[in-house]
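Please open your viewer and get ready to select a few residues.

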Amino acid sequence: MRTSATIATAALLLAALTACSSSGETPAASDNGTPADEPTVSVPADHEGDDLKAAVAVYTAAYFAADTDTAYAMLSARCAKEIAKDAYAGVVQQAKTDYGPDHTATDVQADVSGDLGRATYKVQGLPKFDQTKQPWALEGDAWKYDAC
């Protein structure tokens, strides 16, 4: 019983000292019981798909350059389950052999809704690889190619 009283007294003294201390700073706001609105950061509508656009550019460049590590790392978890890295390496190497490494994504448009995205773009010099509403998935904080 005596220990509880000692702890309670010490807590009250500490609270009183903290409330009375002066450090030259603006006093802390009192809590009136109403939560303050958290500041929000919103992305302007014309920039909502910027991260997806960047992912499309990196993925396309890695694919045609046969950069297996980069391109494979950009596959969604679902797609990575469908194709082994060794098999995928053969696909990107064949693309580089057949078409060369210098094909970038151009005119990239991205539609984003939550963690799902659709990318429409052209592949420079290779119109047969142009994409319309190609599916992408946001996994963690990175966009992943999900058109497997």
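A salt bridge here is a side-chain nitrogen of Lys or Arg within 4 Å of a carboxyl oxygen of Asp or Glu. Keep in mind that this is a predicted model. Across the whole structure, a search finds 4 salt bridges, and we will visit some of them.

**Stop one: Arg78 and Asp146.** Select both and show their side chains. They form a salt bridge, with 3.2 Å between the closest N and O atoms. This pair links distant parts of the chain: Arg78 sits in helix 4, while Asp146 is in the segment after strand 4 (142–145), 68 residues apart. Is Asp146 buried or exposed? With a relative accessible area of 15%, Asp146 is buried. Arg78, at 40%, is partly exposed.

Color helix 4 (residues 77–82) and you will find both residues in it, 4 residues apart, about one turn of the helix. Glu82 is exposed, and its relative accessible area is 54%. Keep the three residues selected: Arg78, Glu82 and Asp146 are linked in a network of salt bridges.

**Stop three: Asp107 and Lys122.** Now select this pair, a salt bridge whose closest N and O atoms are 4.0 Å apart. Asp107 belongs to strand 1 (residues 105–113) and Lys122 to strand 2 (residues 116–123), so the pair ties together parts that are 15 residues apart in sequence.

Notes:
Residues are numbered from 1 along each chain as its sequence is written. This is a predicted model: local features need pLDDT of at least 70, side-chain atom pairs count only at pLDDT 80 or more; totals for chains, interfaces and linings use all residues. Side-chain values use heavy atoms; hydrogens and water are left out. Helices (H or I, at least four residues) and strands (E, at least two) are DSSP runs, numbered from the N terminus. Buried means under 20% relative accessible area, exposed over 50%, partly exposed in between (1.4 Å probe, protein chains only).
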